[in-house]
Amino acid sequence: MSTTDHLSSIKENISTLDIQTILCLLIIATFVAMVTKRIKIPYTLALVLVGLLIGSIDIFPAVELTPNLVLYVFLPPLLFEAAWNINFKILKTNLVPIIVFAVVGLLISVLLIGFTLNFAMGVPLVIALLFGAMISATDPVSVLALFKQLGLPKKLATLVEGESLFNDGTAVVVFKILLAVALTGATKLGDSYNLLFAGILEFIVVVLGGALVGIAVGWLFSSITAQYDDPPLEITLTTIVAYGSFILAENIPVPYTPEGVSLHLSGVIATVVAGLVLGNYGRQIGMSPTTRISVNSFWEYMTFVVNSFVFLMIGLHINLMLLYNHLNEIFWGILAILLGRSVVIYGLTYLFNFKLRESIPFKWQHIMFWGGLRGSLSMALALSLPIALEERQFIIVMVFGVVLFTLIVQGLSISKLIKWLGLSDNKSDKYNYELIQSELITCNAALEELEKIYKRGEISQHVYKETKDVLVKNKDNFSQAMTQLHIDCENIFKEQQHFLAKYLIEVKKDSLNHILRQGTITEEVYHSIETKLNEELDEINNKYYENNT
């Protein structure tokens, strides 16, 4: 498909999302976000459940989740934001397991899923492998949010997120190659081997080519951003990088592909690499602290909106009755992906743990296995299957059923697994801290109110003094308990230090805005001091980030 065809297809898809539908989706997403602040359920999973509920009672206009909408509109910002925020130093120390899981692991998963379905259900091997390629890419958005909430190690989060970033690209490339095999009807053994050999070469070209495009785009725009200090302009440039690197790579054809097969460089890999380059090189050499904060805020908002739309539309798009009619096939699909995931995580980790300076703990492996959720990319690839493929409907139902299982069953149970494994040990300390902090705050509030009541003459001096003595004694006890908790739990102490340092800078910035509005200082002085405060804030955040990785 040419660039013009892609753009016209995307335009057609977006036109189905009229302003009323977009507004409704945003209102629902906002309501779900507010509710999930109060109940213990990941936000993205709540969106899927709400989408299923709304879709089942048929009160919402039809919203089509098309492959072009997911791949060309929703996927690039999600990939870019994740890559932008990954610290390359941490990524580099974990690069061996990440690459092994994302490339070797995904290929093993595809093979295991394919052969399992072929043996258990008699699904043609090429079709079973095609399903394996679509369903093997992980989408751990909900899990990563939970990691932050429970305070799990940064290295574990980097392993999970890094694998997801790179296995997306691997999955798309393998999918396209296997689809080419299925469509060209390579039934003879010789043809299969020729296509397999050609596929391996094409895989290398597609992945490396996409990476080179990403490096080139990332470096070019890093150089451009270094020439300007304008947050809105630089936000726009990062947006161009996110979408531009994806579209550019997807429109560079791979030479010497079989007749009738259209392969291009990997847009997913290009966007991920461009995000890594701009986030780790361009951000440092070409962006002021003010710009960095603005860009971070923009992409945080973008991912919130895009994730809201994607997961809500997943729920809206799934037909529960159709899934119910194919429970047997979906059951085998679930068993196959769990088998593939278990071999990849436990098997590969066992093999390369000997080579790593810091091995991956066994408890972490359980989280990586059960936290391998599937999501929008798998659904987009399923929907992109050509009508000419006889097994298209069968594959779509299987993919949707497995995605729903991983999001609901695995997604809702992962927090219990984390607690059962004892990986959220800081939870009890955090609970105790919040308990003591609440007691201290309420004690101070009671003392302030007591002073007001006494000054108004509503109580006698004797009652005032007696009550005050009790409150002061309680306050001292809570203060001592908090001090002891800071001594016993260094993480909580550092967290509070970080919070206070950030809060005081925000107070300074608010005061600076106030005196600017009063006309006490000029805009030149305001911008000078604001830049200095943003530099301090950036330094505080970087220091806290480095100490907690």
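## Where α4 meets α12

Helix α4 passes α12 in a right-handed crossing, right-handed meaning that the near helix is turned clockwise from the far one by less than a right angle. Helices here are DSSP runs of H or I with at least four residues, numbered from the N terminus. α4 covers residues 67-85, and its axis comes within 7 Å of the α12 axis, the two crossing at roughly 35°. Axes are lines fitted to C-alpha atoms over the stretch in contact, with angles from 0 to 180 degrees between N-to-C directions.

On the α4 side, L75, P76, L79, F80, A83, W84 and N85 do the touching; they meet V268, T271, V272, G275, L276, L278, G279, N280 and R283 of α12. Contact means heavy atoms within 4.5 Å. Sorted by class, the α4 and α12 contact holds 10 nonpolar, five polar and one charged residue (Ala, Val, Leu, Ile, Met, Phe, Trp, Tyr, Cys and Pro are nonpolar; Asp, Glu, Lys and Arg are charged; the others, Gly among them, are polar).

## What you're looking at

This is a predicted model, where local features need pLDDT of at least 70 and side-chain atom pairs count only at pLDDT 80 or more, while totals for chains, interfaces and linings use all residues. Residues are numbered from 1 along each chain as its sequence is written, and side-chain values use heavy atoms, with hydrogens and water left out.

The chain has 22 helices and zero strands. Of its 549 residues, 49% are buried, that is, under 20% relative accessible area with a 1.4 Å probe, protein chains only. Take the contacts between residues at least 6 apart in sequence: 81% of them join residues at least 24 apart.

## α11 against α12

α12 (residues 267-286) also packs on α11 (residues 231-250), at an angle of about 150° and with the axes 8 Å apart. That makes the pair roughly antiparallel (angles over 145 degrees). From α11 come E234, T238, V241, A242, S245, F246, A249 and E250, and from α12 G267, V268, A270, T271, A274, L278 and G286. The class count is eight nonpolar, five polar and two charged.

## α11 against α13

α11 has another partner in α13 (residues 289-317): their axes come within 9 Å and cross at roughly 50°. P231, E234, I235, T238, T239, A242 and Y243 of α11 meet T290, T291, S294, V295, F298, W299 and M302 of α13.

Key
Parallel < 35°, antiparallel > 145°, perpendicular 65-115°, else oblique. Buried < 20%, exposed > 50% of the residue type's maximum accessible area, 1.4 Å probe, protein only.
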